[in-house]
Amino acid sequence: MPARATDPRRAAVLGSPIAHSLSPVLHRAAYAELGLAGWTYDRFDVDEAALPGFLDGLGPEWAGLSLTMPLKRAVIPLLDGISETAASVDAVNTVVFTPDGRRTGDNTDIPGMVAALREHGVEKAETAAILGAGATASSALAALARVCTGEIAVYVRSEARAAEMRGWAERLDVAVRIADWADAEEALRAPLVVSTTPAGTTDALAAAVPEMPATLFDVLYDPWPTTLAARWSAHGGAVVSGLDLLLHQAVLQVEQMTGSPTAPLAAMRAAGEHALAGK
């Protein structure tokens, strides 16, 4: 049932470190637009060791939690159930507390990526490339499984990362080709490129952006634009940003936590852009 505006309810984002999180800005903007005057959304620095105690200390006023690193897998044994989407990558970024006291987990990063791509006109891609094989890469692979009709090339730095991505590909039933990071420039010619690497990692690739690039999805949002994204845009390519991802996954979280059928994407985007502009 949709939340009543006057109900005092709480939600928050957990992780460590967490001070940088933009989630409070987005969720509070949604509450204001939906007229949920009794709702609050905070951030708490919680690591894996502190997570069980934090969850056990929550009262009935809590509606849900957003989770970031390093909690997305650590939370799973503490939940009563998780969605198929979350189970597909062993990662939960959303916890909803049901009226009967159950803790249910979901992953909105995956459908959030798909929605962000769709907003930029990308419904399908014949092939794709993923730069990096860290924590975000498995969700990117799961999202591309819904978008890409052919092979996905994953560019990695180590055999350990390569083995991990082969495992995820088998689990997700996706055709994957593992490639060495030394050859990452060739990834830029793919119809869809997803960069999942930390800030600065792809800067050296910017000089290799082709004259007519297709679509780049760079999961970073601060600082923005990245060197790669700026060069991509300058060459006329389409760019999907990390803010697009953060917004679309947050929209799904707001809908799940509040019961509202539609979260106010435009108001949330405006709040996020304003916050980033003020940094």
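What covers the buried residues of helix 1? The cover includes strand 1 (9–15), strand 2 (39–45), strand 3 (62–67), helix 8 (242–258) and helix 9 (265–277), where contact means heavy atoms within 4.5 Å.

## Basis of the model

This is a predicted model, in which local features need pLDDT of at least 70 and side-chain atom pairs count only at pLDDT 80 or more, while totals for chains, interfaces and linings use all residues. Residues are numbered from 1 along each chain as its sequence is written, and side-chain values use heavy atoms, with hydrogens and water left out.

## Helix 1

Helices (H or I, at least four residues) and strands (E, at least two) are DSSP runs, numbered from the N terminus. The end C-alpha atoms of helix 1 (residues 23–34) are 16 Å apart, which agrees with the 16 Å that its 12 residues should span at 1.5 Å a residue, the expected span being 1.5 Å times one less than the number of residues.

Ser23, Pro24, Leu26, His27, Ala29, Ala30 and Tyr31 of helix 1 are buried, that is, under 20% relative accessible area (1.4 Å probe, protein chains only). Just after helix 1, Gly35 takes a positive phi of about 75°.

## Strand pairing

Strands pair if DSSP finds at least two bridges between them.

Strand 5 and strand 6 pair in the antiparallel sense over four bridges, and Phe97 stands opposite Arg103 in strand 6. Their hairpin has five residues between the strands, and in this hairpin Gly101 takes a positive phi near 90°.

Note on methods. Buried means under 20% relative accessible area, exposed over 50%, partly exposed in between (1.4 Å probe, protein chains only).
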